[in-house]
Amino acid sequence: MSTIAETADLLPDVSAAEAEFARRKSRETWRRRLLPAAGILGALALWGAAVWIFKVPPFVAPSPVAVFATLTAKFGLLMENLLPTAIEAICGFLLGNVTAIVIATTFVHKKVLEEAFFPLVVIINTIPVVAKAPILVLLLGNGMEPKIAIAALICFFPTLVNMVRGLESVNPQAMELMRVLSASKTEVFLKLRLYNSLPYLFSALKISASTSVIGAIVGEWIGSTTGIGALIIQATYAFDSALLYATVIVGSCFSMLFFLTITLAERLVVRWQAPTGH
Amino acid sequence: MTAPSTATSALPVAGFPPAAVTAAGEPAVSCRNVTVRFVTDRRTVTALENVSFSVEKGGFLSLLGPSGCGKSTLLRVVADLVSPTHGQVNVLGMTPQDARLKRSLGFVFQDAALLPWRTALQNVELPLEVGGAKKLPSGAPTPRELMKLVGLEGWEGSFPHELSGGMRQRVSIARALLGGPRILLMDEPFGALDEITRDRLNEELRRIWQETGTTIMFVTHSVYEALFLGEQVLVLAANPGRVTELVDVDLPRDRTLKIRETAPFVSIAAELRELLGRGV
Ligand SMILES: Nc1ncnc2c1ncn2[C@@H]1O[C@H](COP(=O)(O)OP(=O)(O)OP(=O)(O)O)[C@@H](O)[C@H]1O
Ligand SMILES: [Mg+2]
C-alpha cells in the first residue's frame, strides 16, 4: 500500500523534472543559435564604428554599409565573376578527387605501385600552390584549364592519403572473416574496403571543398580577366576596397556552400557510426 | 544413409568415399603432429608443437589454456587462416582449404567483427553475398530464422552501434551459422562480456549446439566456461604451445548453470585447474 502511495507522490515530481529538462534543453539550443549570430552582428558593428571613429579612408577599408551597398549594386558583376571560379573549383574538385580515388584503389591492389610512386606524390605535394600555379599556366595557357588543374592538384593529395588509409585500415578480424567466407579480392574491396574508406574519404572531401576554391582563385591571380581571383586583383589595384571586400565575401559564401553540400552528402551516405567515433 | 551414427560400419556407404572411422565415431576435425612456427625479423615463435587431437562429429570441444599457448592459432589452422609448418590437419575428410571453400566452417571472433555499415540482419546475410555462395542450401535456416534462434527477433534493422556487446556477439553467431556449417569455430567469443551476459549466452550456446548438431570448437580462458560448454576439454600449455591433456567431461547433456554447483562439476573443474597449473 505504502509503495503505491509513494509512487503516486513521485510521479508529478518525475514529470516536472522532465519538463524542466526539456526546457533547459530548448534554451540550450537557442543559445547555440543566437550567440553566434550576436557575435557576427557585434563584430560588424565594431568594424563600422572603427571605420567611422578613426575616419578610415574608403581606399584603405570600407564600412560594412558600403560593402553591403556594393554587394547589392554590383551583384550582377559579382555573380558573373563567381561563375567561372565556381566552374573551375567544382571541375578541379571532381578531377582531383576522382583521380585520387582511382590511384588509391590501384595502390591498394598493387603494392609495388604504391611503393614506387607514393614518394613522388609527396614531393609534388611539398611544392607550394603559388609556385605550382605559374608552371601550370605556362603549360596549359590562359584559359580555365590551368585553374582547374591547380584546384585539382590541391584536392588530390589529402584525398589520396586519406583514401589509401581508409581502404587499408580495415578491421583485421573482418579481413579474416572474408577469408573464412572465401571472398574474392573484388568482394573484399566492394563489401569491406570501400565502405571502410567512406568516413575517411568524406573528411578529405570536406577539406577539398574549401581548398578547391582557393586553388581556383590563386590560379586566377596569375593572368586572368574574369573570376573571383581576377576581380580581387582588379579591385585592389583600383583601390576599390568595398568591391574587394564584397568579392571576398562572395567567394567565401560559395566556399561555405560547397562545404555544406559535402557535409550534407556525408550525412546521407555515412549513416552508421564510425567505430572510433566519440 | 540416415542411419544413426551408433550403427557405424567400416564398409563404405554407396556414394560416400570410405572414411577413416574410429571407435568414437568419425572425426569432424583431426590434427596429427601439428607444429606452427612464426618467423619474424627478430625471432621464431613456436606457437604449437606436435599437437594431436580429434573432435568427433557433433562434438563440443573446449580449448583451455593460458594466454599465448596457441589456442587462437589452433583455430586458425583449422579454418585455413594459418598453414601449419608441419603436421596433418583433416577437416571433414578434407584439407582445411577445401573445407573452407565448401563453406563447412563458421568462425566467431572475439570482438564480433560486425560490419558497422550493415544492419544486424544484413550482417547475418553477408555470407550469401560473397565467396560464390549465392543461395542457401535447401532446408538451411534463413537469416531471419537465425536471428530468432539467437534471440534477436525484432532487432533485424538495428546497426551494430545500437546493440549491446552481448547482442553483437549473438549476431556474429547467427552469421557464422548461416548456410548450416558443419563446424563452428569460436575464439573467446564471450571474453569481453560481463559475467551475467556470458552465463546466459553459455546456456544459449549449449541449446543452439543441441538444436543444430554442429561440431563446435570453443576457445576460452575460463575453466568454468570450458567445462560447462564442452563435452571434452583440450588443456594446452604455453611455450611452446602443446597439449597437456584431453579431458572427457562426464556431465549430463542437458545442462543448466546450476550444474556448476554439483559435485562432479566441481571435481572436474579442480582437475582442470590442476592440469593448467602443471602446464605453466
Ligand atoms: N601472425 C603471427 N605472427 C607472429 N607470431 C604470432 C602470430 N600469431 C600468433 N603468434 C604467436 O604465437 C603464440 C600463440 O598465439 P595465439 O594467439 O595462438 O595464443 P592464444 O592462446 O590465442 O593467446 P590468447 O589467449 O592471449 O588469445 C604467441 O606467442 C604469439 O605471439
Ligand atoms: Mg587468442
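Begin by selecting residues 29-263 of chain B, a span that is 30% helix and 27% strand, with helices (H or I, at least four residues) and strands (E, at least two) taken as DSSP runs numbered from the N terminus. The end C-alpha atoms of this span lie 31 Å apart. UniProt, in an unreviewed entry, places the feature "domain: ABC transporter" at these residues; UniProt positions follow the numbering used here, feature names are shortened, and annotations may be inferred rather than shown by experiment.

The model is predicted, so local features need pLDDT of at least 70 and side-chain atom pairs count only at pLDDT 80 or more, while totals for chains, interfaces and linings use all residues. Residues are numbered from 1 along each chain as its sequence is written, chains are lettered from A and ligands numbered from 1 in the order in which they are written, and side-chain values use heavy atoms, with hydrogens and water left out.

**Within chain B**

Select Phe60(B) and Phe218(B) next. Their ring centres are 6.3 Å apart and their planes stand at 45°, so the pair is tilted. Rings of Phe, Tyr and Trp (its six-membered ring) pair if their centres lie within 6.5 Å; planes under 30 degrees apart count as stacked, over 60 as edge-to-face and the rest as tilted. Phe60(B) belongs to strand E3 (residues 60-64) and Phe218(B) to strand E7 (residues 215-220) of chain B, so the pair ties together parts that are 158 residues apart in sequence. Over all chains, the count comes to 13 aromatic pairs.

Move to Arg76(B) and Asp187(B), which form a salt bridge with the closest N and O atoms 3.9 Å apart. The term denotes a side-chain nitrogen of Lys or Arg within 4 Å of a carboxyl oxygen of Asp or Glu. Arg76(B) lies in helix H1 (residues 71-78) and Asp187(B) in strand E6 (residues 183-187) of chain B, so this pair joins parts that are 111 residues apart in sequence. The structure holds 19 salt bridges over all chains.

Two loops of chain B follow. In the loop between strand E8 (232-237) and strand E9 (242-248) of chain B, select Pro240(B); the peptide bond from Asn239(B) to Pro240(B) is cis, with omega near -10°. Ala112(B), in the loop between strand E5 (105-108) and helix H3 (120-129) of chain B, has a positive phi of about 70° although it is not a glycine.

**Where the chains meet**

Now display both chains. The contact (heavy atoms within 4.5 Å) takes 19 residues from chain A and 27 residues from chain B. The rule finds 3 salt bridges across this interface. In one salt bridge, the side chains of Arg179(A) and Asp80(B) meet at 3.4 Å, N to O. On the side of chain A that touches chain B, helix H7 (172-180) and helix H8 (185-221) of chain A each supply at least two residues. The largest share, 7 residues, comes from H7(A).

**Chain A**

Finish with residues 78-266 of chain A, which an unreviewed UniProt entry lists as "domain: ABC transmembrane type-1". This span is 88% helix and 0% strand, and its end C-alpha atoms are 30 Å apart. The feature "transmembrane region" is placed by UniProt (unreviewed entry) at several spans of chain A, including 120-141 and 148-167. Residues 120-141 of chain A are 86% helix and 0% strand, with end C-alpha atoms 25 Å apart. For residues 148-167 of chain A, the values are 100% helix, 0% strand and 27 Å between the end C-alpha atoms.
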